[in-house]
Amino acid sequence: MKTIIANWKMNVGVRESVALARGTLLALRGRRILPEVVICPPFIALSEVHKVVARSVVFLGAQNLFWEDHGAYTGEISGRMLTELGVSHVIVGHSERREYLGETDEMIRNKVTQALANQLNVIMCVGETASERKSGEQRERVRTQLVHVFAGVRLKSHERLMIAYEPVWAIGTGEIPEVAEVLAMNEYIRSILTDVLPEMDANKIRVLYGGSVEGNNAYSFLREQKIDGLLVGGASVKLNQLKEIIDATSEVLDAQKSL
Ligand code: PGA
């Protein structure tokens with residue numbers, strides 16, 4: 001199985017989101033084996049996009065949630081509200097929210113807890129900045145994020161959680177790490193998950209890669225068995241790019257099947 005998460009960020013309004021959702025469904029048509037595809041439009045488009053993807057193979061994801069169910073939290077959206085709209089997945093801990101909104105590991109832990117309490121599947125992002133990488137601290141950074149976020153979190157099923165390794169320096173920059181680096185980090189992430197979620201088999205938790213994924217580099221990540229999928233930002237709002245990424249996924253899945 002491979003998972004493709006399309007994070008549309010704040011790039012599209014309602015009309016464009018509906019068109020992209022329709023285009024995504026078309027891009028999946030006629031495939032022998034389907035990847036798991038989760039599209040994450042902005043909040044304002046969730047309801048309309050749900051009408052397009054309901055009863056399809058595509059899952060609906062949100063880009064964020066708040067850590068309380070309801071109350072006086074101006075401008076926030078709760079996990080319970082998301083489930084009302086047919087949302088099944090939620091991205092948590094994205095580096096853009098850490099950077100621009102000041103989200104801390106503690107806030108992210110509360111969001112993860114809230115998402116799980118509402119039966120939402122969590123896509124939790126981790127990754128180091130350029131300066132952390134330069135000083136060789138990437139593992140320590142990712143370890144700290146995982147340990148802080150999952151301290152005390154109870155996970156009932158490995159299927160509820162995906163980790164997206166997204167080096168901050170690779171997001172939206174056109175720069176990507178070597179596939180070998182991603183593989184080594186994925187293995188490291190699984191070793192930390194074994195410690196922080198001892199009741200889970202960390203090998204079963206999906207670990208994805210994200211950061212400047214495009215049609216022309218998707219295959220190099222996807223063909224690795226230990227990379228469970230991709231979190232795609234900029235390229236996911238360009239239908240031709242998204243289609244190329246889905247083509248690459250199908251190629252890998254078809255090859256795996258015929259082995
Ligand atoms: P990008 O974004 O694909 O545009 O680099 C990835 C992400 O932020 O999830």
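**Entry 1: R190.** I began at K226, whose backbone oxygen lies 3.3 Å from a polar atom of the R190 side chain. I count a polar contact as a pair of N or O atoms within 3.5 Å; within protein, one must be able to donate a hydrogen and the other to accept it, and residues adjacent in sequence count only if both atoms are side-chain atoms. The R190 side chain also makes a polar contact with the side chain of D228, at 3.0 Å. I found R190 in helix α8; helices (H or I, at least four residues) and strands (E, at least two) are DSSP runs, numbered from the N terminus. R190 is buried at 9% relative accessible area. My cut-offs are buried under 20%, exposed over 50% and partly exposed in between, with a 1.4 Å probe and protein chains only. Leaving out residues up to four places away in sequence, R190 touches A202, N203, I205, V207, K226 and D228, where contact means heavy atoms within 4.5 Å.

**Entry 2: what I am reading.** This is a predicted model, in which local features need pLDDT of at least 70 and side-chain atom pairs count only at pLDDT 80 or more, while totals for chains, interfaces and linings use all residues. Residues are numbered from 1 along each chain as its sequence is written, and side-chain values use heavy atoms, with hydrogens and water left out.

**Entry 3: cores.** I looked up nonpolar cores, meaning sets of buried Ala, Val, Leu, Ile, Met, Phe, Trp, Tyr and Cys residues joined through side-chain atoms within 4.5 Å. The largest has 70 residues, and F150, I163, I189, L193 and L230 have the most contacts inside it. Helix α8 (residues 179-196) gives the most to this core, with eight residues. Apart from neighbours within four places in sequence, I189 is in contact with V126, V142, L146, I163, Y165 and V207. A second, separate core has ten residues, including I5, V38, I123 and M162.

**Entry 4: ligand.** I counted 13 residues around the ligand, and the closest are K9, H94, E166, G172 and S212; a residue is near if one of its heavy atoms lies within 4 Å. A polar side-chain atom of E166 is 2.8 Å from a ligand oxygen atom. From the backbone, an N or O atom of G172 lies 2.6 Å from a ligand oxygen atom, and a polar backbone atom of G234 lies 2.8 Å from one.

**Entry 5: positive phi.** S212 has a phi near 55°, positive although the residue is not glycine. S212 is in the loop between β7 (206-210) and α9 (218-222), and is buried at 14%. R55, also not a glycine, has a positive phi of about 65°. R55 is in the loop between α2 (46-53) and β3 (59-62), and is exposed at 86%.

**Entry 6: cysteines.** I looked for disulfides, pairs of cysteine sulfur atoms within 2.5 Å, and the count is zero. C40 is in none; the nearest cysteine sulfur, that of C125, is 9.6 Å away, too far for a bond. C40 is buried at 0% and C125 is buried at 3%.

**Entry 7: rings.** Rings of Phe, Tyr and Trp (its six-membered ring) pair if their centres lie within 6.5 Å; planes under 30 degrees apart are stacked, over 60 edge-to-face and the rest tilted. I count three aromatic pairs. F66 and Y73 have ring centres 4.7 Å apart and planes at 45°, so this pair is tilted. F66 is buried at 8%, whereas Y73 is partly exposed at 36%. F66, W67 and Y73 form one aromatic cluster.
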